[in-house]
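How is this chain divided, and what holds for the places where its parts meet? The paragraphs below go through these points in order.

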Amino acid sequence: MKTLFRNGVITSSAQPTATSLVIEDDRIIYVGSQQDAPPADKQIDLAGRRVLPGFIDGHMHLLLFGASLSKIDLSPCKSLADIRSTIKAGAAARPDAPRLFCSGWMHSMTDNKALASMLDDLDPRPIFIDAKDLHSAWCNSAALAELGVTASTPDPEGGSISRDEAGNPSGLLSESAAVTIVWPHVAKVATAEEKRGFVRNAVRAYNAAGYTGMVEMATDENIWDIVCGLRESGEEVPIRLAMHWIITPAVTEEGVLRQVDRAIELHKKYNKATSPDFRIAGIKIICDGVVDACTAALLEPYSHNTDTSINASPLWDPALLRAAVQRADAAGLQCALHAIGDAAVRLAIDTLETIAPTDGTCKRHRIEHLEVTSPTDATRLAALGITASIQPVHADPAILRAWPRLLGPERVARAFAYREFQEKGAKLAIGTDSPTAPHLPFRNLYTATTRRSAREPESTETVNEGFKLELAQAVQGATLGSAYSCFADDAVGSLEVGKKADFVVVEMEWEDNGESLLDARVEQTWFGGRQVFGEIA
């Protein structure tokens, strides 16, 4: 069946004046003027609205996002008092829940304190709080007991369990302690049907926001079992999913490579050739933490320290990191390295340089976040063909007010250097890192193009406006750039003849270069030629 979409604005670099689009089954067969369009079985009047390629979230966390939709939301909180009252209200609204799950907490809300004693009198049930950045979990005493975390529990490699003076756990588990202790437990206590519901809800929310694809960035056995089960049951999941297998630090090279080999095993069966819309694309390695928790690895110490010897180091031994990356690369997997601080970015680039091809091909390895970078980093990214995987929503001024104190003015002035990456020739893939930040694409694009706050739109505060992107650049990063980042650009990411009919119909202003993006609306989302969101056309 052929369907003509007419009387619109089709955003296509190949046909910049196109007003019409024709699809047949799951493919685009025409982009151009209405008068030259081929005959169609059905016509849909776009009424002047714009058609964009379906958004692809270049970095997100599928199961965590789906679960977050039902958690107590602490993101509006400003203080410990706000957090306590919000949890108390959430507890009252969930009288039968065996545990309380919360999300959206930021270290700055509680002056970088996260003690079980600050929560224990609120409710006798275990309370698990995800940090907004997902690099820490704050637990009350009941949650610590349920986790089995005691004074004798060792810190895992690449992580820490905060302790009091007597050595007892005090409530905060950071980095790999959150990933390897808290996440598996939370996954275990949820039923399989609950987790399937999390995935369904996540995909539904993403379709409603205009997404047709996502790159999942912390895949483990738990997530794999759930999404595999849904797929193999025959249930339709209207999203194209490329996944990166999470590799956690280990003491030995054998412990690291065993994890990489599991990703290789799955990739052999689920890859772009055998399963293009549901596959293991590569591995994900977290090289450092985050600025707000002072765990991002910096070349120079944090500015607020009186002891200038205090700094955060990368979470990985360089030799072990190199071994993991080389094993994955040799098997044809992409490597995605989380690096926020400039020291971690340098380590990531240096490591990926060891596997740079010499025959002119590009393996499209990636660095995630790149929030604090050195002036030479952009040139190196471009020269090595490394994708800059960025999340503009993290550059929102409303969540960066502690940065001048932590980093000092010189480093803050180099934060989120997106235009520099673009101008030096690095490929950009734009994502949201949900649920660490809102998944909505127009909020993301707003901060990318204005460097102002989508959280506090009334504010005129900006962060490094000179590094902002043009609207067309930002949209491309959130569509074709994200598709390119996982080798999907031959099939999706732009509105071209022969590509999949993945697109979104939006009501938006284009000429103001992003100023009114917060007012933009998704009217319809089409996935493979089938409408999956909006009033039925």
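What follows describes the domains, one interface between them, and the cysteines.

The model is a predicted one. Its chain is assigned three stretches of interest: domain 1 covers 1–48 + 501–536, domain 2 covers 71–189, and domain 3 covers 283–492.

Domain 1 and domain 3 have their centres, taken over C-alpha atoms, 32 Å apart. Contact between the two involves 13 residues of domain 1 and 14 residues of domain 3. The size of an interface is often given as the accessible area lost when the parts come together. For domain 1 and domain 3 this buried area is about 1,200 Å², with 70% of it on carbon and sulfur atoms. On the side of domain 1, Asn513, Leu517 and Leu518 account for 49% of the area buried against domain 3, more than any other three residues.

Polar and charged groups also take part. The rule finds 1 salt bridge across the interface of domain 1 and domain 3. A salt bridge joins the side chains of Glu515 and Arg452, with an N to O distance of 2.7 Å. Across the interface of domain 1 and domain 3 there are also 3 residue pairs in polar contact. Sorted by class, the residues of domain 1 that touch domain 3 are 7 nonpolar, 2 polar and 4 charged.

The cysteines come last. A disulfide is a covalent bond between the sulfur atoms of two cysteines. The count of disulfides here is 0. Cys228 is buried, at 8% relative accessibility. Cys294 is likewise in no disulfide, and the nearest cysteine sulfur, in Cys287, lies 19 Å away.

Terms used: Residues are numbered from 1 along each chain as its sequence is written. This is a predicted model: local features need pLDDT of at least 70, side-chain atom pairs count only at pLDDT 80 or more; totals for chains, interfaces and linings use all residues. Side-chain values use heavy atoms; hydrogens and water are left out. Domain bounds come from an automatic or database domain assignment. Contact means heavy atoms within 4.5 Å. Buried area is the accessible area (1.4 Å probe) that two parts lose on being put together, summed over both. A salt bridge is a side-chain nitrogen of Lys or Arg within 4 Å of a carboxyl oxygen of Asp or Glu. A polar contact is a pair of N or O atoms within 3.5 Å; within protein, one must be able to donate a hydrogen and the other to accept it, and residues adjacent in sequence count only if both atoms are side-chain atoms. Ala, Val, Leu, Ile, Met, Phe, Trp, Tyr, Cys and Pro count as nonpolar, Asp, Glu, Lys and Arg as charged, and the others, Gly among them, as polar. A disulfide is a pair of cysteine sulfur atoms within 2.5 Å. Buried means under 20% relative accessible area, exposed over 50%, partly exposed in between (1.4 Å probe, protein chains only).
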